[in-house]
Structure formats: C-alpha cells, structure tokens
Amino acid sequence: MVKLNKIYTRTGDDGTTGLVGGGRISKADPLMAAIGDVDEANSAIGVALVSIDDDGTAGGLRRIQNELFDLGADFATPLDMEGGLRVTAEQIERLEHEIDAMNASLSPLTSFVLPGGAAGAAQLHLARAIVRRAERSAVAASADNPLTPEALTYINRLSDWLFVAARRLNNLGASDVLWVPGASRR
C-alpha cells in the first residue's frame, strides 16, 4: 500500500522526476508526456463518472481508473527492472471480452460517430480522444524508453472500450450522433 505523509518533496524543483527504481529523468522527457497523458485520461474518466448512472459501465470505469495507475507504474518502471508492476495479458483479454459483450447489444454502425449524445457518452468520447493521445505519446516515448508490449496493447484496447461504452450510454447506439459527410456544404 502506498503511504504519502508529505505531498511536496522539493526533489522535482530542478525539472526532474523520479522513476520506479530510483532513476530520475527530465519532466520534459517523452516518457513523462506519456505518463501525464495517461493521468489526464484517468481524470477525464473521473469526470465522466459523475454523469454515468449505469452500474455496469461505472464499475468498469472505476476498475479502469485503477488500471491506469498500474499503466503509469508500468511506464515508469525500466523494462530491465525485475518485479515491477506490469500490465498483463489477462487485463487486455478482459477488455476485449467486455468490448465484445457491450458491442453485441449495440445497433450496427452506419457512419462514423461524432462525440456527443448523452452527457456521460460525450465525456467518454473525450476520454477516448485523450487515451488515443496517450497512446501516441507512449509510442513516441518507446523509441528511447522501451515499454512492455502489453502496456501499449492495453492503451490501444482501452480506447476501443471507451468508444463502445459511449455508444452503450447513447441508448445502445440509437442516440449516437452520426457524421453526415459534407452536410454543411448543402
């Protein structure tokens, strides 16, 4: 269990931050951008939860919030360090099973879906966009800071989970806001 008695440490005043295992890197390092984007995605999910009263979706989102902290720990742990907290294949498989289960009850897509609809759905679309940015940041960071394949797969799959969950909250897809190509040109 994590115990924090003091919130500020002054160790980051020089523009660096600590990694798992004691190493330090610049706060401007691409790896820190990825970790920050994951944190932002987690915050966006927290905002979405305020508007979501569907117990199944809310429970899944609370579990995902915890897993996003695990993902941040995975990113912050050097690949060659033994015993670090890592995202697992089982977590990815669970996301996939949940995506398939939610998607089975949705109306088929007939167009791309615009972010919108119910408040919770719109907020999940925003969280999904932030997760996509976190994925791009993680891929960029992995050029110099090798990351586990499971961590990269998890974040990719999470954006799919959020998309399907948003459609579920939009009256099982019936209230999705659909893209109408060229609609403003008429």
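# Reading a loop and a core

Tutor: Let's start with Leu172, which counts as partly exposed because its relative accessibility is 39%; buried is under 20% relative accessible area, exposed is over 50%, and partly exposed lies in between (1.4 Å probe, protein chains only). This is a predicted model, where local features need pLDDT of at least 70, side-chain atom pairs count only at pLDDT 80 or more, and totals for chains, interfaces and linings use all residues. Residues are numbered from 1 along each chain as its sequence is written, and side-chain values use heavy atoms, with hydrogens and water left out.

Student: Where does Leu172 lie?

Tutor: Helices (H or I, at least four residues) and strands (E, at least two) are DSSP runs, numbered from the N terminus. Leu172 lies in the loop between H5 and S4, and has a positive phi near 55 degrees without being a glycine.

Student: And Asn171: buried or exposed?

Tutor: Asn171 counts as exposed, because its relative accessibility is 52%. Asn171 is in the loop between H5 and strand S4 (177-178), with a positive phi of about 55 degrees, though not a glycine.

Student: How many residues does the largest nonpolar core have?

Tutor: A nonpolar core is a set of buried Ala, Val, Leu, Ile, Met, Phe, Trp, Tyr and Cys residues joined through side-chain atoms within 4.5 Å. Here the largest one has 44 residues, and Leu162 is among those with the most contacts inside it.

Student: Which helix gives the most to this core?

Tutor: H1 does, with ten residues.

Student: What does Leu162 touch?

Tutor: Contact means heavy atoms within 4.5 Å. Leaving out residues up to four places away in sequence, Leu162 touches Ile45, Leu61, Leu124, Ala127, Arg128 and Val131.
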